[in-house]
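Hi,

Here is the structure I said I would pass on. Have a look at it first, and then read on for what turned up.

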Amino acid sequence: MKRLAALSLLALGIASFGAQAQPEFEQVEKGRYLATVGDCTACHTSDPQKPFAGGVEISTPFGKLVGANITPDSETGIGKWTYDDFKRAMSEGIGHGGKRLYGAMPFTAYTKVTDEDNRAIWAYLQTLEPIHNPVETNQLPFPFNIRTSLIGWNWLNFDRGVYQPDMSKSAEWNRGAYLVQGLGHCGTCHTPKNMIGGDKNDNFLQGTEIENWWAPNITAANHQGIGRWSEQDIKDYLRTGVNRYDIASGPMAEQVKNSSQYWKEEDLQAVAVYLKSLGVKDEKVPAPLKGDDKQMIAGRHIYFDRCSACHGSSGKGEKNIFPQLANNALVNAPEPVSLAHVVLAGSRGVDTNARPTAPAMPAFASIMTDEEIATVLTYIRNSWGNSAPAVSADDVKKMRERLTP
């Protein structure tokens, strides 16, 4: 009887422990997922063997910053931080000890994250292995390295506050808005910037240049945006890096690989619903260059010699292998940044769990002149329903110089 009673008490204790531990496990797992949604690894993991130990170099127009160590190491990480320190960093851009954070840490978006979600992320970060890895985050030149200047920057560019649902919209739409505007921080790359690096929110998600790539317009604009994409196209792109229009490359390939391929189906759907609702009024579509234009004539010859074998004579590409160029929002972008980058340096699409084989494009920098590249890009940007400004040899030359080590 004593043994039976002891076993009963033990079983009761195990059940009690499980009841207490389960909510904590769920919170940590939720935090792990939210950290993935926020793509924290993009800035905080330079060595996959040292996750979240920092060291990622972040190029800005004002100089270089380096992603911080956010493991719970007490000397080089956030081991001495409290939850309130973490929440303040997320919602106000002020870290432990009152250190002001630069906008490369997208607190201007993270301020919209709820306290509940912040607590989950914090719980997850506490489970990471503490890694001793000193990181000098501020490597900006004078005077940008003076953090007190951020007081004025914040006054001009930062609106603090948790996301407020639009009660006239559906719960799904609001979830999408919360993710895009908040943890997803899509505007950090896709929203044009002012002269001091703040977001031009009147042009939210309408595209801008970042690190020698063009982060395209991801509103529902038909010409320069993703208006032709269906909700399924958006989900396919975020889940697999590929849809009928495009293949993720450059920084977006990293985002898909590290983050969005792991998002829950309902979150991908919510984001798709939200993005499709963002129409642009009075989208200005330039008239395409005429077929008898000298650049168009020369560009057509180069295209059929160098490009048509993969992208097709009508620019339709090959589904899931070679991107479609016809009616392509990135091709129609106001600046040919990504196009010049890819032609010069080549590119490899993202490999994901769903599509582990990544298609690639060779580099043409060594076999084509700046004039030839500019000519063929001008042809592509004004054929098959596309229309965009002509590309000059000087545009290509500048990109070549940026990409040369």
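This is a predicted model: local features need pLDDT of at least 70, side-chain atom pairs count only at pLDDT 80 or more; totals for chains, interfaces and linings use all residues.

Before anything else, a word on the labels: helices (H or I, at least four residues) and strands (E, at least two) are DSSP runs, numbered from the N terminus.

Why start with Pro 143? A cis peptide bond joins Phe 142 to Pro 143, with omega at about 5 degrees. Most peptide bonds are trans, and most residues other than glycine have a negative phi.

His 185 has a positive phi of about 35 degrees, although it is not a glycine. You will find His 185 in the loop between H7 and helix H8 (187-190). Is His 185 buried or exposed? Its relative accessible area is 17%, and buried means under 20%, so His 185 counts as buried. Asn 327 is the other one: its phi is near 50 degrees, again a positive value in a residue other than glycine. Asn 327 sits in the loop between helix H13 (308-311) and helix H14 (337-345). With a relative accessible area of 27%, Asn 327 is partly exposed.

Now the sheet. It is open, has three strands in the order E1-E2-E3, and the pairing is antiparallel. Strand E1 (57-60) and strand E3 (138-139) are at the edges with a single partner strand each, so one side of each has no neighbour in the sheet. Strands of a sheet pair through backbone hydrogen bonds, either parallel or antiparallel. How many bridges link E1 and E2? There are four between E1 and strand E2 (residues 63-66), in the antiparallel sense, and a hairpin of two residues joins E1 to E2. On that side of the sheet, Glu 57 has Val 66 in E2 as its bridge partner, and Ile 58 stands opposite Leu 65 in E2. Leu 65 also has a bridge partner in E3, namely Asn 138. E2 and E3 pair over two bridges, antiparallel as well.

Next, a pair of helices. Helix H7 (residues 171-181) packs against helix H11 (residues 265-276) at an angle of about 90 degrees, the axes being 7 Å apart. That makes H7 roughly perpendicular to H11. Residues of H7 in this contact include Trp 173, Leu 179 and Val 180, and they meet a set in H11 that includes Val 271, Val 273 and Tyr 274. By class, the H7 and H11 contact has nine nonpolar, three polar and three charged residues.

Tyr 379 counts as buried, because its relative accessibility is 8%. What does Tyr 379 touch, leaving aside its neighbours within four places in sequence? The contacts are Met 296, Gly 299, Arg 300, Tyr 303, Phe 304 and Trp 384. Ile 302 is 77 residues away from Tyr 379 along the chain, yet their C-alpha atoms are separated by 9.1 Å.

Last, the record. UniProt, in an unreviewed entry, places the feature "domain: Cytochrome c" at residues 26-129, 171-279 and 294-384. In the model, residues 26-129 are 39% helix and 8% strand, with the end C-alpha atoms 19 Å apart. For residues 294-384 the figures are 41% helix and 4% strand, with the end C-alpha atoms 18 Å apart.

Cheers

Definitions and conventions:
Residues are numbered from 1 along each chain as its sequence is written. Side-chain values use heavy atoms; hydrogens and water are left out. Axes are lines fitted to C-alpha atoms, for helices over the stretch in contact, and angles run from 0 to 180 degrees between N-to-C directions. Angles under 35 degrees count as roughly parallel, over 145 as roughly antiparallel, 65 to 115 as roughly perpendicular and the rest as oblique. Contact means heavy atoms within 4.5 Å. Ala, Val, Leu, Ile, Met, Phe, Trp, Tyr, Cys and Pro count as nonpolar, Asp, Glu, Lys and Arg as charged, and the others, Gly among them, as polar. UniProt positions are given in the numbering used here, feature names are shortened, and annotations may be inferred rather than shown by experiment. Two strands pair if DSSP finds at least two bridges between them. Buried means under 20% relative accessible area, exposed over 50%, partly exposed in between (1.4 Å probe, protein chains only).
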